[in-house]
Amino acid sequence: MSEIKKIKNLKDFSTSADRFEGANLLCPGCAHSIIVREVLNATNDDLILSASTGCLEVCTAVYPYTSWDASWVHIGFENGSTAVAGAEAMHKALKTKGRLKQDRDPKFVSFAGDGASYDIGFQWISGCFERGHNMMHVVLDNEVYANTGGQRSSSTPIGSSATTSPAGSHSYGEKRNKKDMIAIMAAHGSPYVAQVAPNKWKNMVKAIQQGLNAEGPTFINAMSACTTEWKFAPEDTIAISDLATDSHIFPLYEIIDGKQLNITYRPKNVLPVDEYLAAQGRFKHLFKDQYKFMIKEWQDRVDANWEYLQRREEAKV
Amino acid sequence: MQDNGWNDFEIGSLLRSFNGKAENIATTLQEDRNYSNSNSFTASVADWRIEKPVFNKDFCIDCQFCWVYCPDISIISRDKKMIGIDMDHCKGCGICVEVCPTNPKSLLMYGEHEDEESILAAWPSKDKEKK
């Protein structure tokens, strides 16, 4: 087990040497690179990385450039997690046989968007977790297929307008609610599963370090506010993320060994969901008289979910 | 960079981030790294910008919020001090200005063509109404 990087405060954190480079082609104000930076800077270990097809992959590996300063591979849409799992299995085999040229213990991390994790790559991730590879899967959850023009994914929340579930006179947009991926991955018996947001950097770094140092497959769901598809101004990325975490819409919690649930961030001033919804273009139709009932539905659901999380935390089951 | 025709393309491609052997990258700062031409660090997205952030170090408290929330690794911090902005990689999103907690802000957005010296001379003073 390698040493955990000591990060006491933001000044300590800012001495990190970034292993993710600028002049990638992500949109101005994209939260993806904020998350990637926080993940990579949370450790000084060698890293074996992969990215599934999605915004992050197409924007950071545009031939002839790469934005990654660590070993990084991209294969397909679905198998980013499996690529890393394969590398991990090889590393383990070589180590057991004593054939490693250098005795180094890299960390294995796969990045994928919500499309590549919740829908298309789901079977592969499930396989990795079932086989128990010592790796971490990070989801950059922007709740939509942003790379291909904003189609709905199974992470798209109810009432959101996406290009394949547009809002209009007959529809309030997406009809189904977000899939509870955290619970699904915790049910695989993963030693560490957490939901994080880039605006709470300390929480995030702690979760990443705990995930990287756990034995077995770990899962991180990171909220990634998408300026293009959520339709807000690029400079508001952090403000929107704050609204999401402070209104309990995106609660930050962790599940250890598939059982113990801990809420890792409790907002002091809980905001109503209206503020979060009103700040984004994808929800603007909900404020028409016709669809106003959806806002109440949102508030009730968010409150019920928070209540559920608190009860689960208390019950320790 | 060698130009290859369609028929010369390999099925997979390998890009090296650094020239020669690269060790302990996690503890090597950007200025000490030997970047290769295929590292996007050597490219620039400066032409994406409509507005540029201007840094006034007189009001900076080195809180590093701009460093941690910059999506483009364009805030240069060394020895826990914010020392400037990497204008080759800044896309002008404005997050650094939004998260800056000082009063007046030590980072502000200005038009790309505006002269930095006259901006700094006419920097807004403390807003007393804001707490």
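Predicted model: local features only at pLDDT ≥ 70, side-chain atom pairs only at ≥ 80, totals over all residues.
**Entry 1: enclosed space**

I began with the cavities and found six of 30 Å³ or more. I then looked up the largest cavity, which holds about 170 Å³ of space. Its lining has 22 residues, and A:Thr53, A:Gly54, A:Cys55, A:Gly113 and A:Gly115 lie nearest the centre. In chain A, helix H3 (55-60), strand S3 (107-113) and helix H5 (114-119) are the elements that each give two or more residues to this lining. By class I noted eleven nonpolar, nine polar and two charged residues around the largest cavity.

**Entry 2: open space**

The largest pocket has about 1,300 Å³ of space. I listed 36 lining residues, with A:Leu47, A:Asp69, A:Ala70, A:Ser71 and A:Trp72 closest to its centre. Strand S1 (47-51) and strand S2 (71-73) of chain A are the elements that give two or more residues here, and S2(A) has the largest share with three. The lining of this pocket splits into 16 nonpolar, eleven polar and nine charged residues.

I moved on to the second largest pocket, at about 450 Å³. Its lining counts 27 residues, and the closest to the centre are A:Lys178, A:Gln195, A:Ile249, A:Pro251 and A:Asn305. Helix H7 (181-187), strand S7 (253-256) and H11 of chain A each give two or more residues. H11(A) gives the most, with seven residues. For the classes I wrote down 16 nonpolar, five polar and six charged.

**Entry 3: nonpolar cores**

Which residues touch the most other members of the largest nonpolar core? I found A:Leu40, A:Leu56, A:Phe111, A:Tyr276, A:Leu286 and A:Trp298, in a core of 89 residues. Helix H8 (residues 201-213) of chain A supplies the largest share of this core, six residues. Apart from this core I saw another of 21 residues, including A:Val139, A:Ala186, A:Phe219 and A:Leu261.

I followed up A:Leu40: leaving out residues up to four places away in sequence, A:Leu40 touches A:Arg19, A:Phe20, A:Leu47, A:Leu49, A:Trp68 and A:Phe111.

**Entry 4: A:Arg282**

Is A:Arg282 buried or exposed? I put A:Arg282 down as buried, because its relative accessibility is 3% and the cut-off for buried is under 20%. A:Arg282 sits in the loop between helix H10 (273-278) and helix H11 (293-315) of chain A. Its side chain makes a polar contact of 3.1 Å with the side chain of A:Tyr276. Beyond four places in sequence, the residues that A:Arg282 touches include A:Glu143, A:Pro157, A:Glu229, A:Trp230 and A:Lys231.

Notes
Residues numbered from 1 in each chain as written. Chains lettered and ligands numbered in written order. Heavy atoms only, no water. 1 Å grid on protein atoms, 1.4 Å probe; cavity = no way out; pocket = protein on both sides within 12 Å on 5 of 7 lines; lining within 4 Å. Points joined across faces, edges and corners; volume = space filled by probe spheres on them. Helix = DSSP H or I, 4+ residues; strand = E, 2+ residues; numbered from the N terminus. Nonpolar A, V, L, I, M, F, W, Y, C, P; charged D, E, K, R; others polar. Core = buried A, V, L, I, M, F, W, Y, C linked by side-chain atoms within 4.5 Å. Buried < 20%, exposed > 50% of the residue type's maximum accessible area, 1.4 Å probe, protein only. Contact = heavy atoms within 4.5 Å. Polar contact = N/O pair within 3.5 Å; in protein donor to acceptor, adjacent residues only side chain to side chain.
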